[in-house]
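Dear colleague,

I am handing over the structure below, and after it I set out what was found, starting with a single residue and then moving to the chain as a whole.

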Amino acid sequence: KQEMIDAGQACLYFEPESRVMSRTNDECVVAATDQWYLAYGEESWSEAVRKHVLNADTFNAYDPKALDNYKYVVGWLKEWACTRQFGLGTYLPWDPVWVIESL
């Protein structure tokens, strides 16, 4: 599989197993589009985040539960889509078609 992906002969494809609903109870539609991702799973990034979040001098979560959530998310977050193509927000400096999405 990886050999075919590396050769540009295949790509990873994931499809929802059932109907997907948003927090506002709208049905979600999956579309294959180009997308910018942040590689949060890259070890130097995740280590820098862990170091920052766990240092009370540089970070205040204001709630121990929130701090636990930060620690948990840093452990599993690998890639995250960081842009969208509509709505209010700041445009991505190097690709103005995209709006920066908050984490």
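Thr83 has a relative accessibility of 4%, and it therefore counts as buried, since the cut-off for a buried residue is under 20% relative accessible area. Please bear in mind that this is a predicted model, so that every value here is computed from predicted coordinates. Thr83 belongs to strand β3, which covers residues 83–84, and, once neighbours within four places in sequence are left aside, its contacts are Gln35, Trp36, Leu92, Trp98, Val99, Ile100 and Glu101.

As for the fold, the protein has three helices and four strands, and these follow one another along the sequence in the pattern α-β-α-α-β-β-β. Of the contacts with a separation of 6 or more, 35% are between residues 24 or more positions apart.

The overall dimensions call for some care in reading: the radius of gyration is 17 Å, whereas a compact globule of 103 residues would have one near 13 Å. Along the principal axes, the C-alpha atoms fill a box of roughly 50 × 40 × 35 Å. Buried residues, Thr83 among them, make up 12% of the 103 residues.

The side chains include 9 positive and 16 negative ones, with 8 Å between the centres of the two sets.

How values were computed. Residues numbered from 1 in each chain as written. Predicted model: local features only at pLDDT ≥ 70, side-chain atom pairs only at ≥ 80, totals over all residues. Heavy atoms only, no water. Helix = DSSP H or I, 4+ residues; strand = E, 2+ residues; numbered from the N terminus. Rg over C-alpha atoms; globule rule 2.2 N^0.38 Å. Buried < 20%, exposed > 50% of the residue type's maximum accessible area, 1.4 Å probe, protein only. Contact = heavy atoms within 4.5 Å. Lys, Arg positive; Asp, Glu negative; His and termini not counted. Charge placed at Lys NZ, Arg CZ, Asp CG, Glu CD.
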